[in-house]
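I opened a notebook page for this structure. The entries below follow the order in which I looked things up.

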Amino acid sequence: ARRGLPFAGPPCHPFNPLAALRMCTAVADDAARRRLLLAFTCATWERGENLMDDATLVRLADEAGQDGTALLAAARTPAVKQALADATARAATDGVFGVPTFRVDGDEELFWGADRIDALLWRVQGNRIDEEVLREFVGRAPLAQRRR
């Protein structure tokens, strides 16, 4: 609302995005994958469309310039399923624990959640916290401890 963006949300929540994720994984070209991901994201969060419905996925993929029927078939292959499983495992190893998660230019710092977009934009503009001040703060001895 603050940014004036439309919001409808998915028809059910939580929902299973596995087919949509596999379809995105099946797209080799980064720019085409981003277009498909944006189409899926806008459809579900802005217009309330159901990403668990195959016909909806095919239509959205077609609208994003893909062959939706072929892409849905590719998403069901063992190779694509394994590629998504591998990507998910790499993300977990890298510290990703939710969506959306952003990493700037391979930096170790992760920005997680739509409510952190302002902090992400601040960072993308070249701003950084003072790492020395942060290290000093984190290294301070505790003055109180919670009883267990």
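Which helix gives the most residues to the lining of the largest pocket? I found that helix 2 gives the most, with 11 residues.

I noted the ground rules next. The model is predicted, with local features needing pLDDT of at least 70, side-chain atom pairs counting only at pLDDT 80 or more, and totals for chains, interfaces and linings using all residues. Residues are numbered from 1 along each chain as its sequence is written, and side-chain values use heavy atoms, without hydrogens or water. Helices (H or I, at least four residues) and strands (E, at least two) are DSSP runs numbered from the N terminus.

Pocket entry. I read a volume of about 2,200 Å³ for the largest pocket. Of its 47 lining residues, Leu37, Thr41, Val99, Pro100 and Thr101 are the closest to the centre. Helix 1, helix 2 (30–46), helix 5, strand 1 and helix 6 (117–124) are the elements that give two or more residues to the lining. A pocket here is an open set of points on a 1 Å grid over the protein atoms alone, where a 1.4 Å probe fits, with protein on both sides within 12 Å along at least five of seven lines; lining residues have an atom within 4 Å of a point. The volume is the space filled by probe spheres set on the points, which are joined across faces, edges and corners.

Peptide entry. I looked up Val99 and Pro100 again: a cis peptide bond joins them, with omega about -5°. Pro100 sits in the loop between helix 5 (78–93) and strand 1 (101–103). Another cis bond joins His13 and Pro14, with omega about 0°. Pro14 lies in the segment before helix 1 (18–26).
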